[in-house]
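This report describes how the parts of one protein model are arranged. Look at the sequence and the structure before reading on.

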Amino acid sequence: MSVYLDHNASAPLRPEARAAITAALDACGNPSSVHRDGRAARARLETARGAIARAMTARAEDVIFTSGGTEANNLAIAAAKAAGAQRIIHAAFEHDAVIAPAAASDLPVEIWPVRSTGVADLDWLEDRLARGGDERLLIVLMAANNETGVIQPVAEAGRMAREAGHYFHVDAVQIAGKAPFDFAGSLAHFAALSAHKCGGPMGVGALIAACDAGVNAQIRGGGQESFRRAGTQNLPGIAGFAAALDAALADRDEPARIAAIRDAMEARLLEAGANVTVWGADAPRLPGTSCLSAPGWLSEIQVIALDLAGFAVSAGAACSSGKVRRSKVLDAMGAGAEHAQCALRVSYGWSSTMDEAEAFASAWIAAHAKASSAPALRAAI
């Protein structure tokens with residue numbers, strides 16, 4: 001048995017995306033060339049740009065293609081700094097793709113606290129902005145958390161940031177194609193996207209930059225993307241990205257179906273009496289994300305045990321080192337070490353089935369029972 005339940009790390013490629021990629025690969029032409037093949041490539045590029053813009057309620061001319069969500073986050077932070085941002089405020093649970101470039105920006109960084117529900121504390125932000133100051137801020141908030149799936153109040157935060165005259169950036173990598181995201185309604189200056197989280201290919205993403213948000217190229221060498229990101233565009237990847245988003249939005253029943261799969265799995269675990277906690281369950285969540293902890297059963301041991309049973313899950317954010325790390329998201333929520341060291345993320349998506357969820361629940365319950373009866377396998381917290 002092999003069951004893939006790590007869609008938040010990377011979703012399986014959708015058939016529609018595969019078809020679009022293949023069609024683009026079979027065509028020839030550089031989008032920057034003026035001959036017939038180049039014009040055809042340019043038309044394919046701009047069609048994809050328009051589709052992604054519509055999916056995100058943005059203008060096509062505001063979509064800048066990148067190599068992925070990490071580059072898009074880096075580009076947004078660099079753009080805000082170049083435009084005059086003097087301090088960065090980001091939520092405590094942000095992805096490393098935000099935390100690392102913020103720390104490297106040479107700007108002071110302030111951490112925005114998170115409530116125990118997994119939602120960024122808007123009261124704290126309101127109070128912080130009311131205190132004012134001479135610094136122009138860049139405020140960063142992910143649209144949906146990658147570990148708990150909790151959907152964040154980006155529209156409210158965007159309104160606060162705009163009214164106070166600050167920049168606002170949304171990491172929308174996890175929400176795109178899984179739940180509605182309205183770039184215009186968020187009032188954000190920037191938003192980062194990634195194709196492979198919603199069933200598109202790896203290695204392609206986008207930054208949406210509002211008309212009043214300038215972007216200075218960090219990769220130079222050509223006039224592509226209106227001089228905002230040099231380099232020949234990854235046209236097959238971009239075509240696959242647009243097709244994946246189109247397919248996700250076309251199936252209006254998909255979110256409810258995926259949520260039902262997740263909810264059935266969680267109900268099984270809770271009914272088993274295994275002292276498991278479901279994090280973020282009291283807040284709006286992405287339909288396919290479940291963050292679990294069973295105190296005493298370390299994340300790394302869980303991932304290995306379930307992998308041996310044929311289930312691909314993770315301990316949280318996919319780490320470039322391939323190592324399992326304590327959950328900083330649960331730390332930010334005040335969960336305590338006994339939970340942060342024992343967090344498990346199970347993420348479903350477009351290809352998931354109810355049978356897979358039921359099989360996973362049975363495997364988790366069996367593995368937990370085995371670990372509970374073998375003290376050497378349990379955590380020493």
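Which strands does helix 6 lie across? The model is a predicted one. In it, helix 6, made of residues 154-163, lies across strand 4, strand 5 and strand 6. The helix runs at about 160° to strand 6.

Seven strands form an open sheet with mixed pairing, and their order is 2-8-7-6-5-3-4. Strand 2 (63-66) and strand 4 (109-112) are at the edges; each has a single partner strand, so one side of each has no neighbour in the sheet. On average, neighbouring strands of the sheet are turned by 20° against each other, direction ignored.

The partner of strand 2 is strand 8, residues 205-209. These two strands pair in the antiparallel sense, over four bridges. One of the residues involved is Val63, whose bridge partner in strand 8 is Ile208.

## A helix on the sheet

Helix 3 covers residues 69-82 and packs on the sheet. The strands it touches are strand 2, strand 3 (87-91), strand 5 (137-142), strand 6 (167-171), strand 7 (190-194) and strand 8. The direction of helix 3 makes about 165° with that of strand 7.

## Two residues with positive phi

Thr57 is not a glycine, yet its phi is positive, at about 55°. Thr57 sits in the loop between helix 2 (36-55) and strand 2. Its relative accessibility is 39%, so Thr57 counts as partly exposed.

Ser226, also a residue other than glycine, has a positive phi near 55°. Ser226 belongs to helix 8, residues 224-227. With a relative accessible area of 54%, Ser226 is exposed.

Notes
Residues numbered from 1 in each chain as written. Predicted model: local features only at pLDDT ≥ 70, side-chain atom pairs only at ≥ 80, totals over all residues. Heavy atoms only, no water. Pairing = 2+ DSSP bridges. Axes fitted to C-alpha atoms, helices over the stretch in contact; angles between N-to-C directions. Contact = heavy atoms within 4.5 Å. Buried < 20%, exposed > 50% of the residue type's maximum accessible area, 1.4 Å probe, protein only.
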